[in-house]
Amino acid sequence: MVGGLSTQEVQFFVATQRVFDLVIAANRLPVDRVVGADGTSQWHRSPGGLVTAMDSVMRHREGAWVGWAGETGEAPAPFEEGGMWLHPVALSDEERETYYEGFSNDTLWPIYHDVIVPAHFHREWWRSYRTVNERFADAVCQVAAQGAKVWIHDYQLQLVPAMVRERRPDVRIGWFNHIPFPPVELFAQLPWRSRILEGLLGADYLGFQRTPDAQNFLRACRQLDGRTTKGDLVTTQDPDGTSRRVRASAVPISVDHQGLEELARTESVQERAKEIRASLGDPEVVMLGVDRLDYTKGIRHRLKAYEELLADGTISSPKVTFVQVATPSRERVEAYKRLRTEVETVVGHINGAYSAIGAPAVHYLHQSYPRAEMAALFQAADIMLVTPLRDGMNLVAKEYVTCRHDDGGALVLSEFTGAWHELRQAFVCNPHDIEGLKQVMLRVMSLPAKDKRRAMRALRRRVADNDVQRWADTFLANLETAPERPSRATTKGA
Ligand code: GDG
């Protein structure tokens with residue numbers, strides 16, 4: 001008997017099911033079910049940073065993806081879609097509230113994003129998080145071939161690494177955190193902090209967006225649980241008493257540079273970009289924001305800066321026009337409902353005060369768009385405003401740069417994004433500093449085109465060199481070479 005499953009059980013699974021050498025586990029499958037007017041249903045790609053990145057990675061690899069299909073109740077049977085084996089995990093109505101909206105999005109998300117809104121702690125949310133993580137671990141074990149690589153994603157599944165290890169010590173386990181890992185002072189607030197560290201330390205390799213995130217994790221292991229760390233390695237003991245080392249380091253995520261640039265170069269996208277500018281009334285300056293409607297993204301801050309510039313007469317609409325795409329997100333969580341009301345009130349206020357008939361000062365779009373439309377919007381924008389208060393990476397910044405094959409446009413980027421650690425030629429801002437943000441906007445508007453082009457060329461080189469395939473290759477190579485289990489096993493309590 002090894003861990004939770006006997007060798008015979010593992011062999012039974014491997015012999016009777018479709019199993020894979022690479023298994024992805026993420027909260028959501030990369031697809032949503034869309035039911036047509038005739039009642040037939042189809043699977044469409046779901047939006048969001050993780051899916052955007054992993055979808056292009058998996059197009060070049062064979063593997064299975066374990067995740068929730070987005071509807072509560074019984075899980076659909078596993079199926080193949082776009083060359084990938086999708087293995088749905090069920091969530092009940094209650095689990096959606098407690099594991100997903102509760103513990104993941106109302107406890108962990110705020111704690112991991114500098115407590116921009118207060119985090120809520122409920123023991124029943126934690127119990128549900130554990131139960132759902134067990135279910136994910138079971139599903140992973142069903143589709144993992146002997147010795148497979150298991151790549152677990154994000155804050156919703158932090159207990160899965162240890163749960164998989166317990167059941168299947170034969171597989172190699174990696175985990176990647178798409179969001180920041182908080183400083184120890186914030187992480188320490190979590191009543192279940194040690195259980196989360198134990199869960200993560202079930203992995204062989206832990207990947208983070210930035211080195212400071214990995215360092216926060218290592219510090220938490222040292223300061224909260226007294227574990228030994230050396231460089232990027234932390235020593236842990238498995239439940240059977242075996243001592244192991246786990247590596248925790250930075251592997252910054254990126255975008256499918258080639259694929260997206262090809263899309264942006266198509267004639268239809270370039271035509272559409274012109275059309276967008278024309279329908280905005282051919283303004284002198286188009287500023288653009290594209291975000292999930294999330295309080296971490298600094299949408300209110302950039303609106304405030306824009307409003308103040310209009311109010312003090314430094315700029316005027318429609319000469320300068322602002323387009324904000326705010327993709328619907330987590331709409332059942334209270335903090336997100338409040339944010340939506342706030343943003344829409346501010347937009348209404350700005351438009352009431354500064355619009356002309358047929359020319360709103362802010363074009364606010366609470367909708368989701370096809371990728372080609374996003375590429376056209378990026379090309380239509382003179383200034384891209386990426387102003388999060390805290391963001392693991394921010395793929396929108398990298399997508400904008402990728403779509404600017406004309407070397408046009410300018411990227412204003414918050415210093416609190418992971419992207420800023422790589423995209424140093426962007427025009428940096430501190431979104432909390434509204435005065436500073438206004439100055440950056442004005443500076444970019446008045447800067448000579450040749451200076452902006454030089455900055456854009458450098459940004460584009462950076463993203464082209466570090467694309468999403470390179471990110472995935474590096475992660476998987478790190479997982480491959482992560483410290484092996486030392487041969488000398490210690491006994492419990494030794
Ligand atoms: C998390 C972390 C990290 C948005 N609206 C539409 C649409 N999107 C796409 C964007 C981009 C993605 O969604 C959003 O990615 P971000 O990175 O900006 O942000 P999160 O969703 O918060 O992602 C983040 C990321 O994971 C990856 O590790 O960078 O820090 O928070 O790709 O283009 N795509 C389409 N229509 C939309 O309306 N097609």
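## Polar contacts between the domains

A polar contact is a pair of N or O atoms within 3.5 Å; within protein, one must be able to donate a hydrogen and the other to accept it. By that rule, eight residue pairs are in polar contact across the interface of domain 1 and domain 2, with both residues at pLDDT 80 or more. The model is predicted.

Helix 2 (49-58) and helix 3 (93-112) are the elements that give two or more residues to the side of domain 1 that touches domain 2. Helix 3 supplies the largest share, eight residues. Sorted by class, this side of domain 1 has 13 nonpolar, six polar and seven charged residues.

## Two domains

The protein splits into two domains. Domain 1 covers 7-253 plus 471-493. Domain 2 covers 257-466. Their centres, taken over C-alpha atoms, lie 32 Å apart.

## The contact surface

How many residues of each domain are in contact with the other? Domain 1 brings 26 residues, and domain 2 brings 22. Together the two domains bury about 2000 Å² between them. Of that area, 61% is on carbon and sulfur atoms.

Three residues of domain 1 lose the most area to domain 2: Trp 109, Ile 116 and Arg 210. Together they account for 27% of what the domain 1 side buries.

## Salt bridges

Charged pairs also cross the interface. The rule finds three salt bridges between domain 1 and domain 2. Separately, which residue forms a salt bridge with Glu 101? The partner is Arg 332, and the closest N and O atoms of this pair are 2.5 Å apart.

Notes: Residues numbered from 1 in each chain as written. Predicted model: local features only at pLDDT ≥ 70, side-chain atom pairs only at ≥ 80, totals over all residues. Heavy atoms only, no water. Domains from an automatic or database assignment. Contact = heavy atoms within 4.5 Å. Buried area = accessible area lost by both parts, 1.4 Å probe. Salt bridge = Lys/Arg side-chain N within 4 Å of Asp/Glu carboxyl O. Polar contact = N/O pair within 3.5 Å; in protein donor to acceptor, adjacent residues only side chain to side chain. Helix = DSSP H or I, 4+ residues; strand = E, 2+ residues; numbered from the N terminus. Nonpolar A, V, L, I, M, F, W, Y, C, P; charged D, E, K, R; others polar.
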